[in-house]
Amino acid sequence: MRKDVRILLVGEPKVGKTSLIMSLVSEEFPDDVPLRAEEITIPADVTPERVPTHIVDYSEAEQSDEQLYQEISKANVICIVYSVNNKKSIEKVTSHWIPLINDRTDKDSRVPLILVGNKSDLVEHSSMETILPIMNQYSDIETCVECSAKNLKNISELFYYAQKAVLHPTGPLYCPEEKEMKPSCIKSLTRIFKVSDLDNDGILNDKELNFFQRTCFNMPLAPQALEDVKNVVRKNMTDGVKDNGLTLKGFLFLHTLFIQRGRHETTWTVLRRFGYDDDLELHQEYLFPLLKIPADCTTELNHNAYLFLQSVFDKHDKDRDCALSPEEVKDLFKVFPYMPWGPDVNNTVCTNDQGWITYQGYLSQWTLTTYLDVQRCLEYLGYLGYSIICEQESQAAAITVTRNKRIDLQKKQTQRSVFRCNILGARGSGKTSFLQAFLGRNLLKQRKIKEDHKSFYSINTTYVYGQEKYLLLHEVMPDFDFLSEEDLACDVVCLVYDVNNPRSFEYCAKVYKQYFMDSKTPCMMIASKSDLHEARQHYSLTPLDFCRKNKLHPPQPWTCNTVDAPNKDLYTKLTTMAMYPHMAQADLKSSTFWLRASVGATVFAVLGFAMYRAILKQR
């Protein structure tokens, strides 16, 4: 909502503009009225909307046309004052003032107008019969108020309506000619309905309505009040209430009714609570709350964020198969202005046999987005209504910023859950296959992936010493001379060469010597396509001798040309290296170290599957 409101009073001389302002301030009619009142500011604590209000007077005798134009450009709302006993001043409203104001304001952001009929104490009849056709002709006119500066009649109401016209404008919400809400308002309220429909059954039940009411207005509805609301809808439309809950049609009808009855503030309160600005766009401050991320720190979702995302998954997994079909994914993202996930996502995370994103894959994709682009993650959580549903100040409450990696090295332990492994190697060495194998796909399944649907990332969970961790694999393009800081910034490096290609290892050796020989980033050499004949590499040292000389692990044989899902032991080893970079290479080589890590992984993978099945039964 606006931080302040600026009200300008214009009109013909002697219609009582200055008297209205002075009567408001002193609460009595002034004996001596100056040509123009000084600008006054009403403090926030004495206005109904708790917003500072500036009231500006205009005097033709004291001000030039240029000064008037400047004031029009600065005003948030303009009150055109006429005298109810002066026909000429009424005629000037349409012949002079409205055209003048429209000429000086942008067509797409017209300032709201209030027609003010002053001196009602001097006549017995109302001017509304004359004014109504004018109001119907100009959509910029919010309302008309008849008042008397002398009798103090409707003075405070006048300025309240002016304030309301700025803070709760009709224009973005409603089309008076069509007598219905505007499409942008319907779209915004539809998103709000879907976010508030916690079980996604298309109905707001009593529990959901009460949560919505408490969220927006800080108080639940009494049971009788709840029934009264539903009865109003029932009387006016047949499909507004279903199974004793409010449908989307009923929800939209209620807001149309509020607007038609002049209760715009009710709809605006709801819209603003759900992050909308005066143009019915989601606020940048709502979508992108401030989040400071120091250098060498990463971003992860915290426990409460995962619980929220699990509830969103359950809400849209209609068939309870623990995977999201394309239709279910589409339904989930209906609260977004665009589809955030492309076909590459299905090749970045785990899917079922039908190629649908599984529950684990869904959480993995959110983890990936948080790690790589936390601002985008905040935006996505904003669309889903995280801060509202979880009753947090903003989406920033969902994010954990990890401590600096240097501290982890000093303390020889880490609290991080997500580790990045960059995959480097010459073209055709098997990098893409290595990424896809992490998702359980053998060579046969990988051949079915369309070229334009491939991903340079894959992410999945691994278990190290009984702890579930995410390993994020990133395939780096093999441009030796242009490796960027991002290509080099990771927790562990995987250098892949093709055992069947005699020129493949040379690239890995050169990359290691130039970029990683003196770094503290642990490296692993992968002997890819180990099911094929091992060719002699055209390099001065064999891969094994190169590793021995540089105190690296021996090259790890690997293939995805298998009948079943490829072996995942290597991914556990990579996660372990990422978690414990402080350990000397000699310690990492020890068989007992790897044995403990891999046994822990096996045990917890079995336990994890058992728990997963138990959760499935509950759901």
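Author: Residues are numbered from 1 along each chain as its sequence is written, and side-chain values use heavy atoms, without hydrogens or water. Because the model is predicted, local features need pLDDT of at least 70 and side-chain atom pairs count only at pLDDT 80 or more, whereas totals for chains, interfaces and linings use all residues.

Reader: How many cavities of 30 Å³ or more are counted, and about how much space lies in the largest cavity?

Author: Rolling a probe the size of a water molecule over the atoms shows where empty space is left. On a 1 Å grid over the protein atoms alone, a cavity is a set of points where a 1.4 Å probe fits but cannot get out; a pocket is an open set with protein on both sides within 12 Å along at least five of seven lines; lining residues have an atom within 4 Å of a point. Points join across faces, edges and corners, and a volume is the space filled by probe spheres set on them. Here there is one cavity of 30 Å³ or more, and the largest holds about 40 Å³.

Reader: Which helix gives the most to the lining of the largest cavity?

Author: Helices (H or I, at least four residues) and strands (E, at least two) are DSSP runs numbered from the N terminus. Helix 7 gives the most, with four residues; helix 7 (206-217) and helix 16 (386-389) each supply at least two. The lining comprises five nonpolar residues (Ala, Val, Leu, Ile, Met, Phe, Trp, Tyr, Cys, Pro), one charged (Asp, Glu, Lys, Arg) and two polar (the others, Gly among them).

Reader: What is the volume of the second largest pocket, and which element gives the most to its lining?

Author: The volume is about 1500 Å³. Of its 45 lining residues, S139, E142, P169, T170 and G171 are the closest to the centre. Helix 5 gives the most, with four residues. The lining divides into 18 nonpolar, 13 polar and 14 charged residues.

Reader: At what angle do helix 8 and helix 9 pack?

Author: Axes are lines fitted to C-alpha atoms, for helices over the stretch in contact, and angles run from 0 to 180 degrees between N-to-C directions. Helix 8 (residues 223-236) and helix 9 (residues 248-260) pack at about 95 degrees, with axes 10 Å apart. They are therefore roughly perpendicular (65 to 115 degrees; under 35 is roughly parallel, over 145 roughly antiparallel, the rest oblique). V229, V232, V233 and N236 of helix 8 meet G250, F253, L254 and L257 of helix 9 in this contact (heavy atoms within 4.5 Å).
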